[in-house]
Amino acid sequence: MAVLDTMPAVVRRAGTGAMTDRVREILSWYESDSPGTKTNIARLLAHGYLAGTGKLVILPVDQGFEHGPARSFAVNPPGYDPNYHFEMAIEAGCNAYAAPLGFLEAAAARHAGEVPLILKLNNHDLLYDEKDPISAVTGSVRDALRLGCVAIGFTIYPGSAGARTMYEQLRALAEEAKSHGLAVVVWSYARGSQLSKEGETAIDVVAYAAHIAAQLGAHVIKVKLPTAHIEQAEAQKAYTKAAVPINTLAERVRHVVQSTFNGRRIVIFSGGALKADDEAVYDEARAIRDGGGFGSIIGRNSFQRPRERALGFLSTIMKIYAGETT
Amino acid sequence: MAVLDTMPAVVRRAGTGAMTDRVREILSWYESDSPGTKTNIARLLAHGYLAGTGKLVILPVDQGFEHGPARSFAVNPPGYDPNYHFEMAIEAGCNAYAAPLGFLEAAAARHAGEVPLILKLNNHDLLYDEKDPISAVTGSVRDALRLGCVAIGFTIYPGSAGARTMYEQLRALAEEAKSHGLAVVVWSYARGSQLSKEGETAIDVVAYAAHIAAQLGAHVIKVKLPTAHIEQAEAQKAYTKAAVPINTLAERVRHVVQSTFNGRRIVIFSGGALKADDEAVYDEARAIRDGGGFGSIIGRNSFQRPRERALGFLSTIMKIYAGETT
Amino acid sequence: MAVLDTMPAVVRRAGTGAMTDRVREILSWYESDSPGTKTNIARLLAHGYLAGTGKLVILPVDQGFEHGPARSFAVNPPGYDPNYHFEMAIEAGCNAYAAPLGFLEAAAARHAGEVPLILKLNNHDLLYDEKDPISAVTGSVRDALRLGCVAIGFTIYPGSAGARTMYEQLRALAEEAKSHGLAVVVWSYARGSQLSKEGETAIDVVAYAAHIAAQLGAHVIKVKLPTAHIEQAEAQKAYTKAAVPINTLAERVRHVVQSTFNGRRIVIFSGGALKADDEAVYDEARAIRDGGGFGSIIGRNSFQRPRERALGFLSTIMKIYAGETT
Amino acid sequence: MAVLDTMPAVVRRAGTGAMTDRVREILSWYESDSPGTKTNIARLLAHGYLAGTGKLVILPVDQGFEHGPARSFAVNPPGYDPNYHFEMAIEAGCNAYAAPLGFLEAAAARHAGEVPLILKLNNHDLLYDEKDPISAVTGSVRDALRLGCVAIGFTIYPGSAGARTMYEQLRALAEEAKSHGLAVVVWSYARGSQLSKEGETAIDVVAYAAHIAAQLGAHVIKVKLPTAHIEQAEAQKAYTKAAVPINTLAERVRHVVQSTFNGRRIVIFSGGALKADDEAVYDEARAIRDGGGFGSIIGRNSFQRPRERALGFLSTIMKIYAGETT
Amino acid sequence: MAVLDTMPAVVRRAGTGAMTDRVREILSWYESDSPGTKTNIARLLAHGYLAGTGKLVILPVDQGFEHGPARSFAVNPPGYDPNYHFEMAIEAGCNAYAAPLGFLEAAAARHAGEVPLILKLNNHDLLYDEKDPISAVTGSVRDALRLGCVAIGFTIYPGSAGARTMYEQLRALAEEAKSHGLAVVVWSYARGSQLSKEGETAIDVVAYAAHIAAQLGAHVIKVKLPTAHIEQAEAQKAYTKAAVPINTLAERVRHVVQSTFNGRRIVIFSGGALKADDEAVYDEARAIRDGGGFGSIIGRNSFQRPRERALGFLSTIMKIYAGETT
């Protein structure tokens with residue numbers, strides 16, 4: 001028993017014991033899905049430190065593809081190694097690890113069964129940078145099954161002139177994934193020639209992007225944290241008339257959650273670039289929690305720090321979501 | 001038992017009683033279609049308050065995708081919940097409920113068998129707004145079958161430089177839908193860089209758009225209510241020469257109905273934005289009825305009001321179509 | 001107008017009124033199925049005289065194929081006409097009409113939307129009569145969709161040396177049907193060289209045949225009414241040891257219902273050959289009802305009588321199931 | 001911490017904490033398999049009371065199909081309900097639950113994520129009993145994915161004149177399963193016209209059957225417990241000449257384990273019919289453990305007892321495998 | 001060294017004796033790949049003069065397609081003959097020979113089994129020269145199998161507006177190749193309208209291009225030798241901040257190797273245009289070796305010299321990689 005007492009929470013909470021009433025409630029929202037897809041959503045919710053709480057912290061490492069390797073990993077060189085991120089996700093007790101094909105192929109066999117995996121099926125690089133970007137499809141549903149993933153991940157850029165292409169790719173891949181019992185995680189980032197830079201994180205735009213992802217059939221939706229800015233004139237009228245509360249970050253999170261089927265879809269928020277001030281990130285997590293958000297997807301703030309600091313940092317965030325700290 | 005005892009047989013044998021001579025007459029127009037497609041058209045016509053009358057009121061909720069969630073639902077927040085619209089369509093006695101993939105997936109199992117469903121297979125958002133728009137294909141015929149739908153819905157924008165793309169997508173999807181016994185509902189909205197804003201609802205343009213949808217094989221066609229404006233110079237000559245009556249709304253409805261195979265296709269009209277004056281909407285319904293139109297598709301005027309008011313409003317419109325009120 | 005004015009809303013909104021709590025409870029047993037399949041099971045349960053009661057009376061007319069036309073229809077010659085049976089099913093208020101490809105093709109368009117249809121996908125004739133029979137596959141899932149059916153029907157002969165062939169055909173057709181949103185109705189009739197004639201309706205054999213159909217994924221199972229005979233020596237021990245009550249027909253029905261997932265699958269019973277004594281059939285219906293069975297599939301006793309007598313006969317049976325008569 | 005102390009082992013051991021060195025060692029034997037298949041083998045080994053020990057106890061319930069419902073469930077009637085077995089497997093902390101299509105479809109959605117599932121893809125019934133049996137294929141790899149299974153299960157009857165058919169079906173299904181990241185569990189039961197009844201469990205025959213399953217690419221192999229009888233004359237010579245120790249059950253288990261790639265495949269043993277004497281079963285488990293076997297698949301001895309007794313019985317067996325009792 | 005010196009060349013260069021610990025270590029990095037793909041990577045590493053060293057020199061001859069025949073072969077006319085290059089690769093002891101479809105078809109049968117082959121599946125010519133080039137797919141996985149190749153080769157141009165097209169083609173071809181047990185060699189050359197000419201070989205760009213190829217699932221990656229120039233402003237910050245050493249060529253090679261999964265992917269470097277000064281090429285090989293690179297792919301510097309000089313030149317380079325000369 002002594003051993004158990006000193007075991008970290010990740011050991012104690014994992015697995016069957018994590019199929020709580022809250023997890024069952026969340027699964028009940030996906031009523032059109034097969035038992036297979038429900039099982040894989042359950043695996044996301046029943047793993048790691050937050051197992052059973054209905055909250056998620058996911059580690060995504062697609063920065064190498066998106067921003068280049070030096071910008072991503074030079075600050076913390078162990079991150080060049082694909083095993084580093086698997087081990088970070090496992091040891092920190094994240095709910096899942098998400099990465100492109102190469103990173104998963106490089107280390108999935110060694111870590112089989114140790115953390116739920118999400119294969120990012122499309123990716124974008126900055127060597128050619130368009131105003132209206134389209135990500136390239138870089139993996140398949142068959143790859144996701146072969147690698148033992150619980151879900152496919154796919155990025156859409158609502159606002160891009162190429163959005164239609166991405167929506168249609170997602171439609172086909174999501175249908176195939178669902179028919180094979182996988183879950184679908186959608187990164188929905190507004191971007192495009194008709195949006196201002198500020199508009200990409202405007203509350204109306206983020207809520208709209210989240211809603212589009214939900215309508216496209218996503219089970220889990222990832223968006224950026226919204227500001228109080230409103231980008232679209234027509235939307236401004238609606239917000240003003242209905243007096244939608246959007247002053248605090250928690251209020252804005254609540255509005256985004258409402259915009260994804262009145263809270264009946266899992267919405268998580270991205271952490272953004274590496275921040276100097278940890279407290280600022282913790283405050284964001286608190287706002288997500290208080291606004292009814294389902295958690296965070298934290299990439300750069302994890303793998304751009306030294307390992308020990310990253311583990312402590314992720315632990316604090318998980319404790320905030322678990323309600324074990326204020 | 002008492003209630004059952006006094007119920008006419010038609011109640012106990014629910015459904016069948018609505019297969020009136022008028023419904024059979026309408027079905028006879030679709031003589032090249034399979035019994036399966038006829039069965040699904042019959043289901044549309046035999047359900048709800050207007051069952052058996054040959055008239056339809058359909059509840060469409062794709063506004064969240066088209067205009068964003070806040071512009072659609074902030075005025076009546078229960079509308080953020082997918083169940084709200086299913087229940088509205090069921091309780092109001094609409095002939096059908098039409099929505100994109102996400103909204104149907106979110107609540108179709110719970111409400112299985114309670115209202116005919118139409119899966120909107122393409123959708124458009126305003127985060128990137130083109131002069132010559134193309135909707136993205138966001139669902140499949142297989143999705144429609146999996147969700148228990150009676151029909152697929154598809155939007156075309158005649159007048160757009162992208163119209164050819166949409167016509168060709170519709171052709172392929174309609175062929176697949178028909179071969180699986182589904183019906184095809186087409187939203188035909190003229191839009192594009194060569195049309196004036198006024199032209200989008202001009203009588204010549206609306207009649208033309210309706211005719212194109214019919215020629216593309218639609219079973220049910222939805223267009224906007226036309227104004228007396230004539231957009232195309234060549235068309236103007238024809239209207240003048242033949243003295244086509246288009247002064248009243250009822251006359252214009254009659255001309256649109258005539259333009260869809262001389263009334264041998266079901267044409268319904270959209271309600272447009274939320275209106276302050278209910279009587280204006282009722283007058284439109286009367287004009288549709290008097291002009292030989294088949295009914296309305298009413299979205300924003302339904303779900304942007306409080307529930308009780310929406311039910312009363314829809315009831316009045318149905319009574320107008322049923323001839324139970326003037 | 002007068003009739004309409006006094007009609008309760010449930011009449012005007014036909015169909016919906018039949019979605020009772022009992023129907024919803026039955027649908028909840030099919031938790032792995034798509035909303036589409038649930039919708040088609042709901043259509044079976046929400047149509048006809050027994051709509052909403054959770055009970056079913058289905059009219060099957062595959063006797064012409066199975067026994068030859070004269071043996072089937074000479075006694076009541078209007079039965080040679082495919083329309084006759086459609087109209088019988090509609091007018092009597094049956095929940096569904098089941099027939100082979102030809103009979104459905106011959107009249108499905110004329111009666112589109114008037115009664116749920118089940119396409120019998122395999123059939124057997126007696127021009128070659130094996131001890132270990134295998135039915136021929138005579139229709140496809142695509143046919144069922146094209147004809148507007150709610151379900152496919154398929155016969156298996158457990159006990160036949162050819163059972164494996166039929167199980168494997170059913171497996172493939174059921175998977176295809178379910179993926180297209182259809183329901184699966186299985187006729188499970190024990191037959192084969194190792195069974196005595198008496199054994200075909202022995203309680204152990206009928207319960208076993210029903211269980212096999214359920215394990216093969218049937219949504220609705222049709223078996224013969226069982227006798228108290230026990231065919232298999234090994235089974236005899238189990239019945240004796242557990243003192244399974246099988247003396248009365250109601251007890252035996254109850255045991256068959258229990259054998260199909262403890263009552264969580266719809267089991268209906270066949271009426272068998274034309275009987276001289278109507279009361280005997282009514283007693284069987286009472287036993288089915290009292291034993292928790294879900295209804296009857298009545299072919300020869302319907303179409304081998306004159307039309308008016310058949311309607312009266314079916315009406316009495318439905319009233320027994322509806323609890324409107326003892 | 002008090003809570004943890006009183007938590008049943010199943011809570012503490014499940015999940016990530018269960019990825020022990022022993023599990024990693026076992027996974028290393030499957031070096032040609034994809035990370036997906038390794039992940040699903042890991043899920044089997046990392047779930048339930050025995051999570052992480054490298055031992056397995058699996059609950060199989062295909063008796064209803066194999067022997068008929070009364071022979072299977074009359075002795076403990078709650079077993080007629082598919083939910084009963086799911087709940088038994090979950091509560092007892094079994095590594096997995098294996099059943100035919102119908103039983104899994106009936107309850108997989110409700111229990112999504114709570115226990116690893118194995119879909120038995122072929123089944124055999126006794127209404128037609130051949131000397132050289134062939135099981136019918138009653139499910140598909142697509143079904144297994146749709147239902148969230150970790151593995152397919154398949155029975156072969158080495159010794160049957162129909163063995164070639166089953167080997168070839170297994171080959172195709174196993175290839176499809178592996179390419180979709182699933183594991184393959186093979187029931188290998190010698191049976192056929194050239195084997196004596198005693199020969200079906202003869203040590204030479206059981207070892208041979210286990211080896212064939214391994215050669216066909218099985219990841220997990222289930223055989224019957226062997227007797228000291230030797231069926232084949234040629235084999236007798238080999239056993240005698242090499243003085244293979246087969247006197248005790250543990251020795252025979254060791255020989256079977258050796259016969260499946262010198263212990264590099266997971267071999268488990270079936271419990272057989274309900275036994276009067278629990279101690280006899282415990283002794284078998286001890287022999288399996290002492291002979292290096294990987295565990296048991298226990299059907300009838302679980303579900304043919306009252307629930308509480310079954311839980312206690314399974315708990316004792318698991319403790320034997322866990323080395324927590326002698 | 002003594003042992004090697006006395007071994008006949010055929011021993012060192014051929015076959016089984018070359019399966020050294022270093023080769024096994026490299027194979028272990030490809031843990032998600034099938035034994036078939038591992039076998040083909042092993043064939044690359046176990047052939048030729050460098051067999052067993054973990055280093056590679058590959059002879060590619062796609063210059064005819066890329067630059068035209070005269071620019072490629074007029075300087076050394078025997079190079080017009082496809083057999084010439086096969087024989088060069090074999091006699092020089094290259095690890096592999098890579099060429100487009102036509103060159104391989106022309107001489108693969110005659111030289112079957114004598115040198116590992118790589119079929120270049122896409123090619124680009126200069127008769128139409130875009131700023132944002134896309135190579136044409138000119139071969140198939142089936143072709144590669146038919147010709148006995150160990151790998152497919154594919155070129156991507158990160159930075160091109162057409163990069164997305166090439167990434168998606170590669171994704172599909174690589175999945176097909178891997179499922180057939182082939183290896184995947186990716187030429188990753190940054191090129192495009194947003195890159196300066198200098199930028200194409202900038203250290204940040206080359207490292208980025210190498211990383212993209214790895215993420216796309218390449219087993220072997222070929223890039224250009226990088227200069228110390230940094231093209232992207234954002235990258236400059238990262239390099240400066242982390243003080244990444246990039247002054248010497250060896251340092252830059254080391255950074256590229258690090259950027260491909262921390263050295264867990266085979267990266268080789270192209271020799272570029274024919275150089276007047278052999279020593280310059282040798283210095284490059286020394287830098288590649290000292291920086292941890294895996295070797296060179298040398299086309300023009302081989303086949304644009306007379307045969308004997310080319311053999312001597314290649315021999316010197318191989319000796320550098322083998323550590324047999326400084």
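**View 1. Salt bridge between Glu31(E) and Arg110(A) in a predicted model.** The closest N and O atoms of Glu31(E) and Arg110(A) lie 3.4 Å apart. A salt bridge is taken as a side-chain nitrogen of Lys or Arg within 4 Å of a carboxyl oxygen of Asp or Glu. Between chain E and chain A the count is three salt bridges. Residues are numbered from 1 along each chain as its sequence is written, and chains are lettered from A in the order in which they are written. Local features need pLDDT of at least 70, side-chain atom pairs count only at pLDDT 80 or more, totals for interfaces use all residues, and side-chain values use heavy atoms without hydrogens and water.

**View 2. Interface of chain E and chain A.** In contact (heavy atoms within 4.5 Å) are 40 residues of chain E and 45 residues of chain A. The two chains bury about 3500 Å², 58% of it on carbon and sulfur atoms; buried area is the accessible area (1.4 Å probe) lost on putting two parts together, summed over both. On the chain E side, Glu31(E), Tyr208(E) and Gln215(E) lose the most area to chain A, together 20% of what that side buries.

**View 3. Helix α11(E) at the side of chain E that touches chain A.** Helices are DSSP runs (H or I, at least four residues), numbered from the N terminus. α11(E) gives the most to this side, with seven residues.

How values were computed: Helix = DSSP H or I, 4+ residues; strand = E, 2+ residues; numbered from the N terminus.
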